[in-house]
Amino acid sequence: MRRRPVVGGLLAVAAVAAVGGAVVSGAVPAGALFAASSGATPSAPPAAVKTATINRETMASTDAFDGTLGYLGDITISGGSAGTLTWVPAPGTIIKRGGKLYELDGARRPRLFYGTRPLWRTLEAGVSDGADVLEIEQNLKALGYAPSGMKVNRHWDSKTTTAVKRWEKATGQTRDGIIELGDVAIQTGPIRVVEAKTSLGSGVGPGAAIFSATGTTRVVTVNLSASHRDELPVGAAVTITLPDETTIAGKVRSVGRVASVDQQSGSATIPVTITLDDPAAAADLDQAPVTVEVTSESHPNVLTVPNDALVALLEGGYAVEVVDASGAHRYVAVTLGLSDDRRVEISGSGLEAGMRVVVPS
């Protein structure tokens, strides 16, 4: 995490100058030409003085965190039956409902179905009612294989068998109306292939890892120091800076509850997941380093001046040198608020938007 300073652009340096006939010294901001005491009168200015305008705007303080742009989820597709692995999809392939997952023995091609519970038994006519039957019927209907009048419920009937046979015919399988373990794999949605976990020609069995995958939702992951977990709350809007310096918007989706210890630094971190407001943004990037910024404090409708308009006071604090319409100069002590690398929030007696203040030439 990189926290941006509340007051930026100010350097502590020694200065000695004559102001209103008095010699004063103190810390001055970067670019300031002299220091002043709060009671001093500005010396006669040169004929040409550079000034800047006091603006009214919103100032915000942000916290910045290192993150990685990738995909949500960590999935392993495993074998459901025994055989020789003869095909796996290429990394980056998106597999949707009904798509081929891999191939065994040159012929058997398990398919992806959507759901929340893996299959644990063979499904066919006469099987008892269950949630697995409901999942199969839901998928067959979504894929367009359900006959007219088929009820999508937990019960396997003749119309369920007809739907299975239609699916088997369309996908080149034996038309026996039976769903065996290894015919389908259940995931909650489409998946994206990452890498093969075994080589072609290898013998695999039930439970053997075939390939790793993720979901298709684009996310940024931040390993956040556990002591800073409140700085990225769920629902917080963030700005994500990509490697090419372009920015996209996102929101915090989840904040982990279990901390892990980094082996190198020894610090405890928790995972924070951030979704993109535009899912298509940065579609060509994967495992890319990004910066995540979140607004930690915001002050709307405040007065601001350029950072180098500040003049350090001998007794501490800061002032600005105001130039009025007649050309007269006067110092006004100011209280500082938030800042960025350009401007700083100020408040002070009689200050208004549109006034001019002296800045270094």
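Glu57 is partly exposed, with a relative accessible area of 23%, where partly exposed means between the cut-offs for buried (under 20% relative accessible area) and exposed (over 50%), computed with a 1.4 Å probe on protein chains only. This is a predicted model, in which local features need pLDDT of at least 70 and side-chain atom pairs count only at pLDDT 80 or more, while totals for chains, interfaces and linings use all residues. Residues are numbered from 1 along each chain as its sequence is written, and side-chain values use heavy atoms, with hydrogens and water left out. The structure holds 9 salt bridges, a salt bridge being a side-chain nitrogen of Lys or Arg within 4 Å of a carboxyl oxygen of Asp or Glu.

**The pair Glu57 and Arg343**

- Glu57 and Arg343 meet through their side chains in a salt bridge, with a distance of 3.1 Å from N to O.
- Because Glu57 lies in strand 5 (residues 55-71) and Arg343 in strand 24 (residues 343-347), this pair ties together parts that are 286 residues apart in sequence; strands (E, at least two residues) and helices (H or I, at least four) are DSSP runs, numbered from the N terminus.
- Arg343 counts as buried, at 10% relative accessibility.

**The pair Glu180 and Arg108**

- A salt bridge also joins Glu180 to Arg108, and the closest N and O atoms of the two are 3.7 Å apart.
- Glu180 lies in the loop between helix 2 (158-170) and strand 11 (184-187), and Arg108 in the loop between strand 9 (103-104) and strand 10 (111-114), so the pair ties together parts that are 72 residues apart in sequence.
- Glu180 counts as partly exposed at 36% relative accessibility, and Arg108 is partly exposed with a relative accessible area of 26%.

**The pair Asp286 and Arg192**

- The side chains of Asp286 and Arg192 form a salt bridge at 3.3 Å, N to O.
- Distant parts of the chain are linked by this pair, since Asp286 sits in the loop between strand 19 and strand 20 (288-306) and Arg192 in strand 12 (residues 191-196), 94 residues apart.
- Asp286 counts as partly exposed at 34% relative accessibility, whereas Arg192, at 14%, counts as buried.

**The loop residue Asp262**

- Asp262 is found in the loop between strand 18 (260-261) and strand 19 (268-276), and is partly exposed, with a relative accessible area of 34%.
- The C-alpha atoms of Asp262 and Ser225 are separated by 10.0 Å, and the two residues are 37 residues apart along the chain.
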